[in-house]
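Please read it alongside the sequence and the coordinates shown below.

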Amino acid sequence: ETNRLRDRLDQAGFRSETAPTALPCFKTLSLVTGLFVGGGFTIFSNGMTQSSIMIMVATGGVSFYLPTIIVWLRKRSRQNAIFFGLPDTLDLMVVCVEAGLGLDQAMRKVVEEMKNSYVVIAEEFTLCNLQLQMGRARNEVLHELGTRTGVDDLKAFSAILIQADKFGSSIAQALRVQSDSMRVRRRQMAEEKAA
């Protein structure tokens, strides 16, 4: 349960060591605040009635789940930002790799260029670069990149880079194919919403 909670918090961008223990504390604090604020206001305005007690309990219940809802909304927002920014990021990586940069240098260049337009992707790539500089294996770092974000396209991107690195195939060609397929998928989603 703790590992699943940590994964959800990682996907929402809360990477602190204390995050898995802080969320239940926030939920309890939110519950107490909801009970006192909502219940106190209701009892003050309507008196001690059965409907006031029901409103107090409902306010407490909603307040208890509020931190979980905030984490879910943040996770979804980050995943959408990654999904919509990844094709442009891959195009820039293709340009960098074809210009002669290595994969690590290409990721650094992407961070420099994308830090204002695609903040979430720049954050994730910065973390990957730091882990690579600390001496972790590239396969582990790329695999963790895919699982840390929870975005299927980024998992596929990581798998392609791992395979290209393992078998010595062209990284630029693999990135170009992945970018094209992601653009097709984005266009299909837009057509689906329009219909």
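1. A salt bridge is taken here as a side-chain nitrogen of Lys or Arg within 4 Å of a carboxyl oxygen of Asp or Glu. By that criterion the structure holds 14 salt bridges. The model is a predicted one, in which local features need pLDDT of at least 70 and side-chain atom pairs count only at pLDDT 80 or more, while totals for chains, interfaces and linings use all residues. Residues are numbered from 1 along each chain as its sequence is written, and side-chain values use heavy atoms, with hydrogens and water left out.

2. One of the salt bridges joins R78 to E123, at 3.3 Å from N to O. R78 belongs to helix α3 and E123 to helix α5, and 45 residues separate them, so that distant parts of the chain are linked. Helices are DSSP runs of H or I with at least four residues, numbered from the N terminus. R78 has 5% relative accessibility and therefore counts as buried, whereas E123, at 35%, is partly exposed. The cut-offs are under 20% relative accessible area for buried and over 50% for exposed, with partly exposed in between (1.4 Å probe, protein chains only).

3. A second pair, D88 and R183, meets in a salt bridge of 3.1 Å, N to O. D88 lies in helix α3 and R183 in helix α8, 95 residues apart, and the pair links distant parts of the chain. Both partners are classed as partly exposed: D88 has a relative accessibility of 25%, and R183 has 26%.

4. R185 forms a salt bridge with D153, their closest N and O atoms being 2.7 Å apart. Because R185 lies in helix α8 and D153 in helix α7, this pair ties together parts that are 32 residues apart in sequence. Its two ends fall in separate classes: R185 is partly exposed at 35%, while D153 is buried at 8%.

5. Helix α4 (residues 103-114) has twelve residues and reaches 16 Å from its first C-alpha to its last, close to the expected 16 Å; the expected span is 1.5 Å times one less than the number of residues. Its buried residues are L103, A106, M107, V110, V111 and M114. Viewed down the axis of α4, these fall within an arc of 145°, so they line one face of the helix; the arc is that of the directions from the helix axis to the C-beta atoms. In general, an α-helix has 3.6 residues a turn, so residues three or four places apart point the same way. The cover over the buried residues of α4 includes α3, α5 (119-133), α6 (138-149), α7 (152-167) and α8 (171-194), contact being heavy atoms within 4.5 Å.

6. Which residues does S30 contact, leaving aside its neighbours within four places in sequence? They are S63, F64, L66 and P67. S30 is found in helix α2 (residues 19-46), and its relative accessibility of 14% makes it buried.

7. On the surface, Y65, I69, W72 and L73 form a nonpolar patch with about 440 Å² of accessible area together. Patches consist of residues with over 30% relative accessible area and no salt bridge, with nonpolar side chains (Val, Leu, Ile, Met, Phe, Trp, Tyr) joined within 5 Å and like charges within 9 Å. Accessible areas come from the Shrake-Rupley method with a 1.4 Å probe, and for residues only the protein chains shown count as cover.

Technical notes
Helix = DSSP H or I, 4+ residues; strand = E, 2+ residues; numbered from the N terminus.
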